[in-house]
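Reader: Before we discuss this structure, could you please show it to me together with its sequence?

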Amino acid sequence: MKRKYIPDLTKQMAQCEANYMRLMKLMPDLDECDERTYQVSWPDHQACLRLEVEERFTYTSTLLVSQQHDHESPWLEPPTLVVRLYHDASMAEVICMRRRKQLAGVYSYPNKQMSHPDEKIQLNQYLGEWLSHCLSHGHLMEPVFVG
């Protein structure tokens, strides 16, 4: 008999708190800055992580977190994550992927979309890995003005 998946809410909340702190380090001026791009390099290729503010409210902000690789695949598009920041709780959560409906906390399996039972947790972990890598190896891409 297959056991029903039960999410670990303590682990999920810790992940969301860590992602919020990572995003605040990458965008400390979130109230004034509309977007920021970081370049991450490996020996054989480069990628950019773009953080774009979509909405700002008193207690929440919504960011689009997207990637762009120098070796783009013609059949696999890098994901764009829609991330909601809850400033009063200091948490950041992936609420959906671009062009998709909002993620459920748990999916039955199998399902029409072929989502994993823990899809939302996996996307929040994925976001955390990218943000951590960007903090340790990323370089801010800012325009240089010569006067």
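Reader: Which residue's side chain does the side chain of Ser61 join in a polar contact of 2.7 Å?
Author: This is a predicted model, in which local features need pLDDT of at least 70 and side-chain atom pairs count only at pLDDT 80 or more, while totals for chains, interfaces and linings use all residues. Residues are numbered from 1 along each chain as its sequence is written, and side-chain values use heavy atoms, with hydrogens and water left out. A polar contact is a pair of N or O atoms within 3.5 Å, where within protein one must be able to donate a hydrogen and the other to accept it, and residues adjacent in sequence count only if both atoms are side-chain atoms. For the side chain of Ser61, the partner at 2.7 Å is the side chain of His87.

Reader: Does Ser61 count as buried or exposed?
Author: Buried means under 20% relative accessible area and exposed over 50%, with partly exposed in between (1.4 Å probe, protein chains only). Because its relative accessibility is 3%, Ser61 counts as buried.

Reader: Which residues does Leu23 touch, not counting residues up to four places away in sequence?
Author: Contact means heavy atoms within 4.5 Å. Leu23 is among the residues with the most contacts inside the largest nonpolar core, which has 25 residues; such a core is a set of buried Ala, Val, Leu, Ile, Met, Phe, Trp, Tyr and Cys residues joined through side-chain atoms within 4.5 Å. With that sequence limit, the residues touched by Leu23 are Leu51, Leu63, Val83, Leu85, Ala92 and Leu131.

Reader: Which element gives the largest share of this core?
Author: Helices (H or I, at least four residues) and strands (E, at least two) are DSSP runs, numbered from the N terminus. The largest share, five residues, comes from α2.
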